[in-house]
Each structure stands twice: as structure tokens, then as C-alpha cells.
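Me: I'm new to this one. Could you show me how to read a few of its features?

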Amino acid sequence: MTNLLYRLGRSAATRPWTAIGAWVLLALVVIASSAAFGRELEESFEAPGLDSYQAAELLSEAQADEGGISAHVVLEAPDATTQVAPVEAALAELPGVLGTTSSVSPDGDIALVRVQYPAVEHLEASDLDNLKDAVADLREESSLTLEAGGDLFFAFEEAPTGLGEVAGIIVAMIVLLIAFGSFVAMGLPIGMALFGLVIGITSMKLVTYLIDIPAWAPELAAMVGLGVGIDYALFLVTRHRENLAAGMPVPESVGRALATAGQAVIFAGGTVVVAILGLLVAGIPFVTGGGVAISAMVLVMVLASITLLPALLGLAGQRINGQWINGRRRQVEAGAHRPSTGWYRWGAHVTRNATAYLVGGAVLMIALAAPVLALDLGFPDDGTKPESRTERRAYDLIADGFGPGANGPLVVAVDISQDKSVVAPLAEAVAADPGITSVGEPIIDLDSGVATLVAQPTTSPQDVATQETVTRLRSEVFPTVLDGSSATAHVGGQTATFADLGDRVQERMPRFVAAVLLLSFLLLAVLFRSVLVPLKAVVLNLLSVGAAYGVLVMVFQWGWAAGLIGVESTVPIVSFIPLFMFAILFGLSMDYEVFLLSRVREQYRRHGDNTRAVIEGIAGTGRTITAAALIMVAVFSGFVLGSDPVVKMMGVGLATAIFLDATVVRLILVPATMKLLGAANWWLPAWLDRLLPELDSASEEKPVEATDSSQVRAL
């Protein structure tokens, strides 16, 4: 692989316009194809096999209104009873509305109008716009207090985008400029990442021909893609500048940079893709679709790094080492590319005190991970949104007027095709449950053989008691009434669906984690031809992920410093967040592991001194890993600025894990463990050595930056 990458890099640098032209052509084709043939992404959280999914299927077969999605408009007035009729009439006339129902609170001050729509695939964002416009007109005409919310907002309301990405890019530019001291060297990683981002995001509408991609996936893919794209380019540009500083011609320098750092990029990206594609074993379609979207973005960034970036480096030539000072361009000193003496000292210090650092670092990471034992999976509802949002104000009004359970009604779908006599006793049994405050009049569709009951819980959608009510209905109430009958009943609705998803995630998580760990171990074993190195990487990466989970619990469930990131109330961790975070973080953690250990292994193969190789690896990569981590943390932290709690959780979790991984893990725990393991780091059984393919993962050329062993010993 090394020789192939060398030839690829040298060829791209020698004929840069060929590679650049090919990428421009690809971008034009993807953009045009997406505009002409791309499918719209859908907001779906379905998971076949769940009880709530079976309820939705029954309602869909019956073409029941409850099988679609709804919105609600809440008005507050001293005499809401007389005010609700014109509001309901105006809403009923909106395009796409199937029907409306209204109710007034016992004290008569709050009225609720529920607006029923068909299934989400039959709607567009314009339907939400029409509802908003109607509410705004009604406010203006009547001076009423009107607020709106519901499933329609969940499906089509888009949080302001771009702020997080822009903030992350600005910080990345500053970090790269400081690290490289060159506007050209700073611009190439940013430009390549943005170019890849355009292609990756645009291609999502085409990927939907192969698998359904959820509507929220592009933002998550952009978050990950922007970070890894800049990081991969940073690794390659750093090695290229080292080679130039050693006196190599530009094409030779690019070729050797791709042969060394390029292979690390391929394996790092491959590990990310493998980890994320591990979501396939979760058995949840929308999670799988999101994983495919992120994997596609990472793959685009890897391909751009090994083909487009070498061409840009060849085109830039020696200008990559230039900077503009006081209006004059000057050349960066070659010594600026030498491994830092400070990092030499740090590596030597850690290896001299390896046991203490290993124990201290492990205790810190375990302490941060400990809150994961209190992890509570759920889904933030409108009650967790800021009070500035109309959905939150509507949620509060409904809870005040009709009780907290009115914000999350349970929809019971009953298959009565073989037994129609169960509807009345089932409605009575559901209403008698202590967790239910009321049950609406049953809706019976004899043609489809489906009856529908809408039950209001006594507790809010996020309350644990509500989940217990759902479980009790399924395990106790339904069997009592339906025992001996051929009829079946299922609990659906958004509240039950999200509870079921949390259960499915907890059920599938062990299988998913095992698959990712095994595949990652095998990839690293092939790259480093070692047993202990990949085993150590897997264990340490687990610590990083565990610590990130723990921080999420502290911030979002316990409310520690939640106000600093705009979270006004505690919220459960979104049910699918742990799956995505594990896949993404495990893959991204491997980026720094591969980059560091590739340099360590290069040095070890040259002189066979494990401790010296560890110190030289830290010295050669410490500055780059720190810069890369700062960029990644900046990109992920930028997404905390958004209003969507799901994106906030991903931003906080990913930024925390990358920071810990690049500091505590990569610069403390890795060198400490490798020092203590000694030559055993590179042990590989003979039988396994014969089975693993030889990738020629470390080139045998003279080191770009040779290190005198006496200097290392002196440190």
C-alpha cells in the first residue's frame, strides 16, 4: 500500500489540474443529479417489531386520522369557550388538514384545538408555514394569546443552521494559522474540507435510493465530516512540510507524505467508517440510515485527502511554507518543522513516571465515566425547549389547563377483525388504570377491523411513571381483557414510540459494541501487526467514550452547567444518542491513535528501542494532535450554539470525548502503557503473523527528523 500511495501522491502533485478537474467534475455531476433526481429526506423514527410500530401499522391500514401526525393550537382567554370556535374554523380550512377537534379546560380559561394531518410522507414544510401564518393572523385579528406545537413542528421545524459550522471553521482557521504560520497551509485543509462537505451533503438525496436517510442526518454528518476532513488534511500537510524542510522536491515530498501519513489517514478513516457502520447491527432503520450518511461523508473526506489534497499541495509548491508579515512574504524557517523539544521533554517525563501517570489518568477517566450508571434514555419533548419557543409555551399552557399527560396522549390500536366485542370492556379497563386520567370515545372502523382509543396519562411524556403506565397496559391490562380473544391491542403514539426506542437501544447496545470492538481490533492488528497495541487502543477508547457518556449525564440529566449552553431544564439522553456517540467517538478516537502509533512504529522499526520510539512518536505528533484536537473540539462545540437539544448533546459529548482523548488518553495513558509494556507492544504470534496481510505500513527510508539517542536519554 505504501508504494501505491507514494505513486498516487507524486502523480497528483506532478499533474495537479487533472485531479482537481476530476473533483470539480464530480461535484458538478453530484450537485446536478441531486437537484434533478434526488429524493427528499424524511423525519422518521420507526423501528419494525416494536409494539408502537405495530400500532402505527394498524392505524395506517385503517387510514385512521390518528395514524397521521397532528399539531395543536392553544389559546388563553378569560372566556375561552366563546373564543375557540372561530380559531378552530380557521385552522380547519388550512390545506392538508383532515379535521380538527377542540376542548376547553375545566376553569374555562384555556382552549385546545387539535389539528389532524395525514402521515408525514404526504406533507411538506409548507404545511407548517401555513399553520404558523394562520396563528399569526389570528393573533393579530383577535389579540388572543395563541401558541402552537405538536408533531408537525417536530417533523418540519428547522433550527437555525450554519452558526455552529461557521464558528467551528473560524476557530479552525485560527488554530491552523498559528500551527503553520502560513495562510496557504491554513487554507488548504479548510478548502479541501469544505469542498468535501459540499459533495457529501449534496449526495445524501441520492443515497436515499439505496437506503432511507433521516432528515437530521446531514447536520450530524456535516459535524463529523468537517472535523475529520480538516484533521486528515492537517496530518498530511504537517508531514509534507517536514519533508520540504528536509530538502525534498515538492512531488517527492507529497509522495512520501501520502505514503506515511496518508496510510494513517486511510486506516483512521476506515476505522471511523467501520465503527459507524456497526450501527447496522442495531436493527433500527433510521439509526442505520444515519450511520450510512455519516460513513459516506467520512469516506468522501478520506478520498479527498489522498487525491485532491496532494494535487493542491503540488499546485501550492513552496508557497505552502510562506507567510505574509507587514506586507512582505517571507519563508518559514525549516527548523519550525522539527519535533518540539517541549514534547520530547513531556514524552520522557511520562515514560519516566509511567506507573503514576497510568494510575492517575485511569482514575480520572473512570471518575468521569461513573455517572453513566445513571443514564436515562428518552426523548426531549416540547417541555424541554427554551421558553422563547412557541412550542414550549403551548406545552406549558396545555399542562396547566388539561394536566401534564395531555401533552403526550397514548394511542391504542385494536385489531378487532376477528372479535368486535372487546372494544367497550377494553376502553373501560384502560380508563380504570391508575396511570390514565381519561379515555376518548372509541373510534371503530368496521371495514378495516381496527378500533382506536386515545388515552391521556396522568403524568407528563418524560415522566418515568408514564413509561410504567405503557408497560402496565401491555403486560397487565390488555391480557386481562383480551385473554381468550383473537383480538390484539398495541400502544402507539409519540410517547410510546420513544419509550420503545429506548428499550430497543438498550437491548441492542451490547451486540453493537461487541461488533465495533472486534472489527476495530482486527483493523489495528492488521495495521500495526501486534496484539497488545490494538487491545490497548480498544480499552483506552472505551474510557474516552465512557467519560463522554458521563459528562452528558452530568450536564443534561443533572443540570450541571446546563444554563451555560442554553439548556433551561434537565432532559433525558436521546435514546439513539449513545449508539451514534459510541460509533463516532470510537472511530474518531482511533484517528489520533493511528496517527500517533504510526509514527511510534516507524521509529521502532528503525532502531528497535521501544521507549525511545514512544518519546519520538510523542515529539513528532504532539503538536499536530493538539492542533487537530483543538479544531475538532471547536467544530463540535460550535454545534452547541444551536437550539436543538439532540444536536447539543452530540456537540457536548463529541467535544468532551475528543478533548479527553487527545490529552489524557493520547498524551498520558498511551505513552505510559506503551512504556510499561515494553517490547511486548509489538508481540504477534507466529500463526497470526502468517494470517494477517502484510501492508508494508512503515516505510524504510531514512527518517525525516532523526533523533539522537543520547539526546533522548538526556531528557
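This is a predicted model: local features need pLDDT of at least 70, side-chain atom pairs count only at pLDDT 80 or more; totals for chains, interfaces and linings use all residues.

Me: Where does Thr-673 sit?

Reply: Look in helix α21, which covers residues 645-677; Thr-673 has its place there.

Me: Which backbone oxygens does the side chain of Thr-673 reach?

Reply: One belongs to Leu-669, at 2.8 Å. Another is that of Val-670, at 2.9 Å. Leaving out residues up to four places away in sequence, Thr-673 also touches Leu-358, Lys-536 and Leu-540.

Me: Okay, on to helix pairs. At what angle do the axes of α19 and α20 cross?

Reply: Roughly 160 degrees, and the axes come within 8 Å. Here α19 is residues 577-607 and α20 is residues 610-638. Angles over 145 degrees count as roughly antiparallel, so that is how α19 and α20 lie to each other. As for handedness, α19 passes α20 in a right-handed crossing.

Me: And the nonpolar cores? Which residues touch the most other members of the largest one?

Reply: Phe-556 and Phe-580 do, in a core of 166 residues. Take Phe-580: setting aside residues up to four places away in sequence, its contacts include Trp-216, Leu-220, Leu-279, Val-287 and Met-650. Gly-290, Gly-291 and Ile-294 are also touched by Phe-580. There is a second, separate core too, with 29 residues, among them Ile-69, Ala-71, Leu-144 and Leu-152.

Notes
Residues are numbered from 1 along each chain as its sequence is written. Side-chain values use heavy atoms; hydrogens and water are left out. A nonpolar core is a set of buried Ala, Val, Leu, Ile, Met, Phe, Trp, Tyr and Cys residues joined through side-chain atoms within 4.5 Å. Buried means under 20% relative accessible area, exposed over 50%, partly exposed in between (1.4 Å probe, protein chains only). Contact means heavy atoms within 4.5 Å. Helices (H or I, at least four residues) and strands (E, at least two) are DSSP runs, numbered from the N terminus. A polar contact is a pair of N or O atoms within 3.5 Å; within protein, one must be able to donate a hydrogen and the other to accept it, and residues adjacent in sequence count only if both atoms are side-chain atoms. Axes are lines fitted to C-alpha atoms, for helices over the stretch in contact, and angles run from 0 to 180 degrees between N-to-C directions. Angles under 35 degrees count as roughly parallel, over 145 as roughly antiparallel, 65 to 115 as roughly perpendicular and the rest as oblique. A crossing is left-handed if the near helix is turned anticlockwise from the far one by less than a right angle, and right-handed if clockwise.
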